[in-house]
Amino acid sequence: MLSNNSAALFLLTGFLGSETIHRWISIPFFVIYFSILFGNGTLLVLIWNDHSLHEPMYYFLAMLVGTDLGMTLTTMPTVLGVLLLDQREIAQAACFTQSFLIHSLAIVESGVLLAMAYDRFIAICTPLRYSSTLTNSQVMNVGLGVVMRGFVSIVPLILSLYCYPYCHSRVLLHTFCLHQDVMKLACADTTFNRFYPVILVALTFFLDALIIFFSYVLIVKAVIGIASRGEQTKALGTCVSHISCVLVFYITVISLTFIHRFGKHAPHVAHITMTCVHFLFPPFMNPVIYSIKTKRIQGSIIHLFSGHRRA
């Protein structure tokens with residue numbers, strides 16, 4: 001039930017029809033959240049402490065890890081609140097802030113993956129210019145640009161939500177606030193909020209994916225030109241982790257887009273499950289991918305948990 005101050009509240013929704021087992025459902029969510037925090041936190045500690053990882057490739061990885069942690073900490077309170085405590089009410093300001101962070105960080109993650117592709121492109125296609133091109137200041141500028149693009153581009157969407165009156169049920173469709181859910185509850189002309197995201201997705205997610213694809217086309221061409229088969233394998237081996245993270249991220253984005261666009265008659269549980277997969281699977285998998293595929297990360301993990309420090 002909504003409180004007396006219901007005009008300033010929204011209601012979050014869990015797994016409809018499964019409310020009686022929400023606490024059981026919370027167990028795998030808790031495990032996943034703990035794994036995300038532990039895995040990404042460990043990678044951050046490794047990159048911070050291990051001086052052999054103080055290189056542009058790992059700085060960008062730290063940005064990816066930080067973005068994943070930010071996304072996790074943004075969604076975790078309301079997801080576990082709904083499932084564990086049946087705490088469905090969320091204040092309007094808190095809801096809009098959560099929506100702002102979720103959508104901004106999603107664009108930031110796409111931008112970081114693009115920056116990591118740029119790093120691999122420079123390292124393989126112009127290796128002699130790598131150190132002079134990707135200096136520490138340049139990496140910081142790229143990171144700042146990626147963050148600014150993500151957060152500034154979402155501001156118009158969230159500010160517009162404050163301008164609308166809400167006269168419907170105020171019941172959202174997920175366990176956290178998403179712009180598209182809030183927009184549907186507005187009793188006003190939401191043309192801007194329907195078309196701006198389409199343009200934004202085209203200029204961020206779609207454009208980033210296109211540039212990443214063409215960068216790897218050029219990388220493959222450069223690798224084919226390397227005479228030694230061993231050097232070819234080594235060059236491509238440095239890209240495997242990044243390619244895996246790109247596939248994990250964009251496959252979940254595409255899957256979520258399809259179910260929202262063409263799955264209008266799909267059960268609610270399918271929508272909420274796919275949304276949770278989109279926001280939880282990449283942060284869960286990224287540390288696993290880099291720990292398995294990157295030997296230097298493996299070595300740092302062994303040194304960290306064996307109690308020895310690298311020189």
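Which residues line the largest cavity? Hi everyone, let me take you through that. A quick word on the model: it is predicted, so to speak, with local features needing pLDDT of at least 70 and side-chain atom pairs counted only at pLDDT 80 or more, while totals for chains, interfaces and linings use all residues. Residues are numbered from 1 along each chain as its sequence is written, and side-chain values use heavy atoms, with hydrogens and water left out.

Searching the whole structure turns up 2 cavities of 30 Å³ or more. A cavity here is a set of points, on a 1 Å grid over the protein atoms alone, where a 1.4 Å probe fits but cannot get out, and lining residues have an atom within 4 Å of a point. Points are joined across faces, edges and corners, and the volume is the space filled by probe spheres set on them.

The largest cavity holds about 60 Å³. Around it sit Asp68, Met71, Glu109, Phe249, His278, Phe279, Pro282 and Pro283. Two or more of these residues come from each of helix 2 (56–85) and helix 10 (268–293); helices are DSSP runs of H or I, at least four residues, numbered from the N terminus. Helix 10 contributes the most, 4 residues.

Now the second largest cavity, at about 50 Å³. Its lining is Met57, Phe60, Met116, Asp119, Arg120, Thr238, His242 and Tyr290. Here helix 2 and helix 3 (92–125) each give two or more residues, and helix 3 has the largest share, with 3. That lining divides into 4 nonpolar, 2 polar and 2 charged residues, where Ala, Val, Leu, Ile, Met, Phe, Trp, Tyr, Cys and Pro count as nonpolar, Asp, Glu, Lys and Arg as charged, and the others, Gly among them, as polar.

Note on methods:
1 Å grid on protein atoms, 1.4 Å probe; cavity = no way out; pocket = protein on both sides within 12 Å on 5 of 7 lines; lining within 4 Å.
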